[in-house]
Amino acid sequence: MSNTKSMKTEILFGIHPVFEALRAARRNFFEIYIAKENALKRFEKMVAADSESYSIGQQLKQISVKNIQASELKSMAATEFHQGIGAKVSPYPLTDLSDILGSAESNPFLLLLDNVVDTHNLGALVRTGLCVGTHGIIIPKDRSALPTPAVSKASAGALEHVFLARVTNLVNTIKELRKKGVWIAGMDKSGDHSVFASDLTCPIGIVIGGEEKGLRPLVKKHCDFLMSIPQKGPVNSLNASVAGAVTMYEAFRQRGI
């Protein structure tokens with residue numbers, strides 16, 4: 001295999017992230033680590049059951065597989081939640097915004113995240129975004145969770161398939177998208193449009209705010225409209241990943257399942 005000493009690498013962990021990264025074929029694999037026999041058996045069953053198992057099998061022939069202690073994998077992955085399997089891989093492949101728009105053709109369906117800093121929320125949003133067919137996910141470079149192995153684990157490997165862009169300035173990106181004909185819909189509990197009464201069939205970018213303060217004022221200002229999710233009960237807002245899931249699935253429904 002190639003010499004990885006001078007290359008940036010990271011340790012993917014968990015059965016689904018390692019398997020989905022192989023399926024997506026967007027990362028370079030250098031080594032796979034097995035710390036539990038049942039993890040290997042489960043992984044092999046997933047490979048055998050997958051319709052693309054031949055291509056995955058060909059990849060696996062080129063990758064060194066090592067048996068190590070669970071404590072060693074815990075140290076390498078910096079977590080005990082590794083499920084007995086890990087892999088040394090190249091970093092997550094970010095996508096340029098222009099490439100995301102190019103893949104969307106005439107009717108983009110985008111997800112923009114404004115200061116979502118919780119790893120599990122990002123992972124859940126990524127997983128839903130993949131399920132509903134978003135063309136890409138956009139996050140700011142600062143004050144945001146990054147597409148780390150922990151996010152891949154939280155997304156059950158969905159991160160390995162989505163197109164994700166990191167931008168320097170989210171407001172400038174929103175301005176650019178609006179110039180290109182993309183409507184920007186911000187999620188806000190005080191929004192005067194119900195998500196269920198809003199037209200989400202057009203080229204759309206849905207903006208989800210951070211866990212504590214929601215959308216920043218300047219981001220709100222540059223949205224075309226603000227949407228809210230009707231609800232009952234004493235709690236006045238939904239978790240960011242839940243609000244994102246409700247909204248993305250409503251867009252999915254409107255755009256034709």
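Leu112 has Ile138 as its bridge partner in β6. The chain passes from β5 through helix α6 (residues 119-132) to β6, in a right-handed β-α-β crossover. Right-handed here means that, with the strands pointing away from the viewer, the path from the first strand over the helix to the second runs clockwise. Strands β5 (residues 109-114) and β6 run parallel and are joined by 3 bridges; strands pair if DSSP finds at least two bridges between them. Helices (H or I, at least four residues) and strands (E, at least two) are DSSP runs, numbered from the N terminus.

The model is predicted: local features need pLDDT of at least 70, side-chain atom pairs count only at pLDDT 80 or more, and totals for chains, interfaces and linings use all residues. Residues are numbered from 1 along each chain as its sequence is written, and side-chain values use heavy atoms, with hydrogens and water left out.

Strand β6 (residues 136-140) is mostly covered, with 5 of its 5 residues buried (under 20% relative accessible area, 1.4 Å probe, protein chains only). Gly136, Ile138 and Pro140 lie on one side, Ile137 and Ile139 on the other. β6 also runs parallel to β7 (residues 164-167), through 4 bridges. Ile139 has Arg166 as its bridge partner in β7.

Elsewhere, helices α1 (residues 15-24) and α2 (residues 37-49) pack at about 35°, with axes 11 Å apart. Axes are lines fitted to C-alpha atoms over the stretch in contact, and angles run from 0 to 180 degrees between N-to-C directions. Residues in contact (heavy atoms within 4.5 Å) include Phe19 of α1 and Phe43 of α2.

Note on methods
Buried means under 20% relative accessible area, exposed over 50%, partly exposed in between (1.4 Å probe, protein chains only).
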